[in-house]
Each structure stands twice: as C-alpha cells, then as structure tokens.
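Here is a briefing on one protein model. It goes strand by strand, then turns to backbone geometry and a pocket.

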Amino acid sequence: MTLRTHTRIYAGITGVGMAFPERLLTNADLERMVDTTDAWIVERTGIRERHLVEPGTPASALAEPAARQALEMAQVDAGEIDCIIVPTVTPDTIFPATACILQDKIGAKRAWAFDLLGACSGYVYAVSLADALIRCGKHDKVLVVGAEIMSCIVNWTDRNTCVLFGDGAGATVVERLPDGVEGILDWVNGTDGSGAPYLHQAAGGSAKPASHETVDRYEHTIWQDGKIVFKKAVEGMANVSLEVLQKIGASTDEVDLFIPHQANLRIIDYVRKKLGLPEEKVVVTIDRYGNTTSATIPSAMRIAHEDGRLRAGHLLVIATFGAGFTWGAAALRWTPKSSLPR
C-alpha cells in the first residue's frame, strides 16, 4: 500500500484595497467644535486629520470600492468568491448584513456572506476565519472587508472621543495558495468579557432598546475609559504579537513589517518598544486617517504596498486590540498575486 503525503494548505492575502471619503476633518476644525487644541490632540493621539462621509452614507458605499480594488489586485472576479466577511460596528442596517448588501453590489453571486461584530479586532478575527475556511478545504477564495462609518456613532460633544475616529474601508482577498507557497502562518485571538464596561456603545441592542432617553443621554455613541483601555491595549497587542511569533518559531528580529491597529500613536509606540522593533518596521497611518476600527489594518496594508514598504515574501505581523475586550495577531508571508507562480 502506498501512503499519500499531504502538503499543508496555505491561505494568503493576494489583493488589498481601501476607500476613504474625500471630506477632511482636521484638528483645526475640531478646535471650533469642542474645547480642544491641535497640540493637545497630536500629543495624546498622534492624529492630525481624519476622513468623514457625508451624513447618511452607508458602510457599503465605502466597502464596495475597497473590495473592487482588492479584487483587481488579486486578479479575481467577484463571481469566484466563495464567502464574504464584513467586520463592522457600523453596518448599513442591523439586518440584513452589510456583507449581503456588498455581495449584491459587486455581483459575487456564489458567495455566502455575513457580518462579524468584533470591534477593532474584527479584521484580524475575520482573516483568521478566512484562513480556517481555506485550510480545511471548504473554500478557495474569501473576501474580507472592514468598513466603518464611525462618524455616525461618535459623540461630537465629547472631546476625549470625537477626536479619535474616522470613516473608511479596507479589503483583502484571502485565497488558497499554490503548493509550496507560504502565506498565513498562524494566528492567535483572545477575549476578556470583563472588559465590556470600559469601552462600549450602551444602547441600541436588546439590553437597552432605543428611546428618547437613550438618545438624549448619548448612549448610542462610543464611550470609553481611556486610561484603562490604553493600558490593556499596550499589554494585549504586545503579548499577542509575541505569542504568534513564538508559535511560528520566529523572533521579532525576523519581522520585516509590523502593522498594528491604528487607535493611538502612543499605544503603537509603546507596543513597538515592547517588541524591540525600530520605527522603520512599523506602519503608521493614524495621523492621516484616525481610528477607522476594522478598516485600519487592511487599509494600512494597501498603503504600505503602494509605498513599496511591503514586498513579496516579507514576514508581516498584524495585531489589534478592541472592545470586548478582544485582541488578536497573525503572522504571514506577503503574497500579492503578481508574485505567485502561474
């Protein structure tokens, strides 16, 4: 009897895309809206401007162009997509899922689709699921699109939170790679539900349905305990990044590029120092776009690719921390479609 050997199936990111609205909200604009200053915002967050949609613009309006850009880079037709995952905290509607709306807009007729509610960790969670679906042999191509209209859930009278967020979308095509080509090497995700009181949107769910009182109390907007979230985010992102590197048997010295969730420049800098990474190995986009939640990492990938900082074969680590508390990291080889064997 001849025993068959099995080559490990790898999923890889073959295309990335992004979309941001044209309208800018600068720190100077915020100075006229709330009691703040450009110097205060830059010192505490690193943010100088963020992009905002016109009121009433749905998340799918940004998800669609980001998805099309990722599909074009991956040289994949929408009709080839098996599954669409949209991590978002600002869906077009509670139901149907924004992923269903996106499926129709791009013509991905054979794909099943769902939204994933993972807050700032949503993108890493979704990529982990895409990797699992491909490695188990169920699917060949999964589209992951983080799309957020954060401006619709920001309290514009709260100077501690309204300066942080922007609107945007980032998309990736995750697909099965040719035999022998490494892609997503491993990932680690975690949750600590006891962190829920420190970062949340209090109303709008079944626990506290919408009412005049909840609207008047701004309970449909973001609330956070900044000091606790800051400390937990630094610890969580650093620890999970080290854990995923340990799982693949690599050191931080071997990392070519680190793309963290873009929540606060000080958080990114603390995590960088804990990992012992030089500044040139860390991608920072928060100064131009603010925190776009599930869209920060995939859009930063696109920017790093366009800037020539992210090249085929590079060892990339992505890491995040968000409400829940939730956190996650993934280590992968960069595999744009143009670099793969025909």
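Six of the eight residues of β13 are buried, so this strand is largely enclosed by the rest of the structure. Buried means under 20% relative accessible area, exposed over 50%, and partly exposed in between, with a 1.4 Å probe and protein chains only. The model is predicted: local features need pLDDT of at least 70, side-chain atom pairs count only at pLDDT 80 or more, and totals for chains, interfaces and linings use all residues. Residues are numbered from 1 along each chain as its sequence is written, and side-chain values use heavy atoms, with hydrogens and water left out.

- Helices (H or I, at least four residues) and strands (E, at least two) are DSSP runs, numbered from the N terminus.
- Two strands pair if DSSP finds at least two bridges between them.
- β8 (residues 184-191) pairs with β13 in the antiparallel sense, over seven bridges. Here D186 stands opposite A331.
- β12 and β13 also run antiparallel, joined by eight bridges. T320 has G328 of β13 as its bridge partner.
- β12 and β13 form a hairpin with three residues between them. In the turn, G324 has a positive phi of about 145°.
- A cis peptide bond joins G324 to F325, with omega about -15°. F325 lies in the loop between β12 (315-322) and β13 (326-333).

**The open five-stranded sheet**

- Five strands make an open sheet with mixed pairing, in the order β1-β7-β6-β4-β5.
- β1 (11-19) and β5 (112-116) are the edge strands, and each pairs on one side only.
- The twist averages 20° from one strand to the next. Axes are lines fitted to C-alpha atoms, for helices over the stretch in contact, and angles run from 0 to 180 degrees between N-to-C directions.
- β4 (residues 83-87) pairs with β5 in the parallel sense over five bridges. The bridge partner of I84 is A113 in β5.
- Helix α4 (residues 98-106) packs on the sheet and touches β4, β5 and β6 (141-149). The direction of α4 makes about 130° with that of β4. Contact means heavy atoms within 4.5 Å.
- Helix α5 (residues 122-135) packs on the sheet too, touching β1, β4, β5, β6 and β7 (167-176). The direction of α5 makes about 165° with that of β4.

**Backbone points in loops**

- The peptide bond from F95 to P96 is cis, with omega near 0°. P96 sits in the loop between β4 and α4.
- A119 is not a glycine, yet has a positive phi of about 55°. A119 lies in the loop between β5 and α5 and is buried at 14% relative accessibility.
- T293, not a glycine either, has a positive phi of about 55°. T293 lies in the loop between α9 (286-289) and α10 (296-306).
- T293 is buried, with a relative accessible area of 3%. Leaving out residues up to four places away in sequence, T293 touches V89, A119, C120, E148, M150, F165 and H261.

**The second largest pocket**

- About 150 Å³ of space lies in the second largest pocket.
- Its lining is L265, I268, D269, R272, E279, V282, V283, V284 and R309.
- On a 1 Å grid over the protein atoms alone, a cavity is a set of points where a 1.4 Å probe fits but cannot get out; a pocket is an open set with protein on both sides within 12 Å along at least five of seven lines, and lining residues have an atom within 4 Å of a point.
- Grid points are joined across faces, edges and corners, and a volume is the space filled by probe spheres set on the points.
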